[in-house]
Amino acid sequence: MKKLTTQALVWGACTLAVPFTLQADMASDDLAALSLEELMNIKIDISSNTEKTVREQPGIVSVITAREIKQQGSRDLIDLLQLVPGFQFGTDIGGVVGPVFRGLWAYEGKTQIILDGIEFNEGSFGTIQMNRHFQTEQIKQIEIIRGPGSALYGGTAELNVIRITTKGAEQNGGYGVGTWAFTDNAFSHQYSFGAGYTIAEDWRVSISGNFREDYLSNEDYVDLDGYRYSLAKDSALHPWSVNVGLGWKGLQTRFIYDFYDMDALHSVGAVASKRAYEFKTLGLLAQYEAEVTDWLTITPKFVYRDQSPWKRFRTNGVQEITATRMTYNITADAKINDRSSLMFGAEYYTDKGKAVQLNGSTAVNTYFNGARTVKFKDWALFAQYELETDFANVTLGGRYEDHSSLEKGSFVPRVGVTKAWDKFHTKLLYSQAFRTPNIRVVRDAYPPGKALEPEKTESYEVEVGYEFTPTLAVVGNVFYISVQNPYLFYDAQNGYLFEGEVSSYGFETELRHSASWGFVSLGYSIYLADKNTVPLFYSGDEQAFLGVPNQKLTSSVTVNVTKGLTLNLNGVLNSGAKGYAAGTTGITDYDPVFLFNSYLEYQVKGFSVGVGVSDLFDSGRTFIQPYNAGSGPLPDKSREVYLRLGYVF
């Protein structure tokens, strides 16, 4: 493991100091100067009935705009989320990379990603693969609930919700972008395109797509027994997707096909024969927003999602379990008066799993307890009431959900008290959440035949914010979050364990400043483990979970060098962590890691050319498995230089 060098620390300090040493008379860009004010006034509804600003939202909310994405030169979702307080990342089976949130492993069914209205968690295990999966050029905006969202979004929104909206008909034009990246011994490339138009006011059409050829790393993977192989030579990533939207008045339809595959020489940790995992998602959405009266809107929605997750190719055969979900949802939004509103609705879905082909002794026809297929049903009722008073705004909501694999349903409430006045705002939040069991969770409950118990979360959050000026603001929050009976796949038992409790508490803060010279954001987050009765998460440190740094410091600075020329410097400093390391049998101390990135872009008319460097100081960042399941650390790429060419029409 590479140590955090003095040079890196100095450069990190310089990154944080840049915005305060620049002169105000630098070349200006009017758009950049307005970025903070615009961001503060963006209205969204990710956690509210009606559109409200971020500081009025009844939740801890972050928003990432297309402008920020472009200025930072970000290429995938991890690039963006690593700058958001609370998020870390770890590795799991086969080299996949998923999120950790507030110290808790969130990869399996606890982080919900919604892409243009379609939930993208795979239906077999509930996981979401993030490593170079979601390309950023097509993204219009990302909204994040940094906290439980089950009361509004159901059973994979237990710890957080990430809602992605792609560029659509509002473009009245299109774009094309190509990116070519080089490390010291490997090459990758990716391409994105999109277009959207509004026709005769009532019709809306959009299309976008992307393709990428990449690899897990240019370093070596070393398993816990010390066996190694070259990820530059023997790993590959080939994600691609197509996204089509068509709308007419209140009707919106969406077609998404997403393909993500990984080639590697390791599966459950140990270096072995070559294998590949494929993840395929076909999503169809149709919804109609009907304005029944000037105070009541009813929106029926249908989503069809057909997936082949974890399709595994080996030298001796194929494994595939398909997961198909059909969701029927109807939601009513009622404006009671100028100060109150009520949102309520119902949802019903069916999950069907099918064993297509299996290796080994298990016959296809008996894979699901004597059957080839399995089917589960789930129904839910939900509501949220919002009231504005002179003293504070109050939000009361809840969801009751009943899954056919559980003996009884789950009710989770949420309560929010918010107040924004002058330069201050404050939020007091309480919520419960749950995880709905996915197909393989039910099948692989351990020991076999054990009755499933619900996984539930309880969360307390307080946020306070202050605007020093229209261009300088700071916000901070404290949290406590506890998960009961966490579902955790343990390959050594080839099944799911669900028992015990894990909880954490901590603090997160962000400072944002904009001026004529550019824009800066600084962030800091810390979590401390409170309770951990799940041995697989033990790190030997009572205040930290296995493989997860306690602290994170972030900075992103965009400078308008001249008209059309911008420079972004961003960095992430993670504290040390404890985890299992390559060639070892015990827990090892990992050094702090400073990841520093830069991106310079020039725009003229519709053309843009950018040059970026990822991990300038070659930090040696690795993704550690955040629970004890036999995987060695997955090294990230070393220093990488990339060229980006784009055109907007």
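Visitor: What should I know about the model before reading its features?

Guide: The model is predicted, with local features needing pLDDT of at least 70 and side-chain atom pairs counting only at pLDDT 80 or more, while totals for chains, interfaces and linings use all residues. Residues are numbered from 1 along each chain as its sequence is written, and side-chain values use heavy atoms, with hydrogens and water left out.

Visitor: How many cavities of 30 Å³ or more does the structure hold, and what volume has the largest cavity?

Guide: On a 1 Å grid over the protein atoms alone, a cavity is a set of points where a 1.4 Å probe fits but cannot get out, and lining residues have an atom within 4 Å of a point. Grid points are joined across faces, edges and corners, and a volume is the space filled by probe spheres set on the points. Here there are 14 cavities of 30 Å³ or more, and the largest has a volume of about 500 Å³. Its lining counts 34 residues, of which L39, V61, V475, E510 and R512 are the closest to the centre.

Visitor: How do the residues of that lining divide into nonpolar, polar and charged?

Guide: With Ala, Val, Leu, Ile, Met, Phe, Trp, Tyr, Cys and Pro taken as nonpolar, Asp, Glu, Lys and Arg as charged, and the others, Gly among them, as polar, the lining of the largest cavity has 17 nonpolar, nine polar and eight charged residues.

Visitor: What lines the second largest cavity?

Guide: This cavity, with a volume of about 350 Å³, is lined by 27 residues, and R75, D79, N597, S614 and R621 lie nearest its centre. Helices (H or I, at least four residues) and strands (E, at least two) are DSSP runs, numbered from the N terminus; α5 (77-81), β38 (593-604) and β42 (640-648) are the elements that give two or more residues to this lining, and β38 gives the most, with four residues. The lining of the second largest cavity divides into six nonpolar, 10 polar and 11 charged residues.

Visitor: Which strands pair with β39?

Guide: Two strands pair if DSSP finds at least two bridges between them. β38 and β39 (residues 607-614) are antiparallel over seven bridges, and S598 has V613 in β39 as its bridge partner. The two strands form a hairpin with two residues between them, where K605 in the turn has a positive phi of about 55 degrees. Eight bridges also join β39 to β42 in the antiparallel sense, with V609 opposite L645 in β42.

Visitor: How is a pair of aromatic rings described?

Guide: In general, the distance of the centres and the angle of the planes describe such a pair. Rings of Phe, Tyr and Trp (its six-membered ring) pair if their centres lie within 6.5 Å, and planes under 30 degrees apart count as stacked, over 60 as edge-to-face and the rest as tilted. Of the 34 aromatic pairs in the structure, one is Y221 and Y229, whose ring centres are 5.9 Å apart with planes at 55 degrees, so the pair is tilted. Both Y221 and Y229 are buried (buried means under 20% relative accessible area, exposed over 50%, partly exposed in between, with a 1.4 Å probe and protein chains only). F537 and F545 form an edge-to-face pair, 6.5 Å centre to centre and 75 degrees between the planes.

Visitor: Which charged end sits over the ring of Y367?

Guide: A charge sits over a ring if NZ of Lys or CZ of Arg is within 6 Å of the ring centre and within 35 degrees of the ring normal. The charged end of R443 sits over the ring of Y367, 3.6 Å from its centre.

Note on methods. 1 Å grid on protein atoms, 1.4 Å probe; cavity = no way out; pocket = protein on both sides within 12 Å on 5 of 7 lines; lining within 4 Å.
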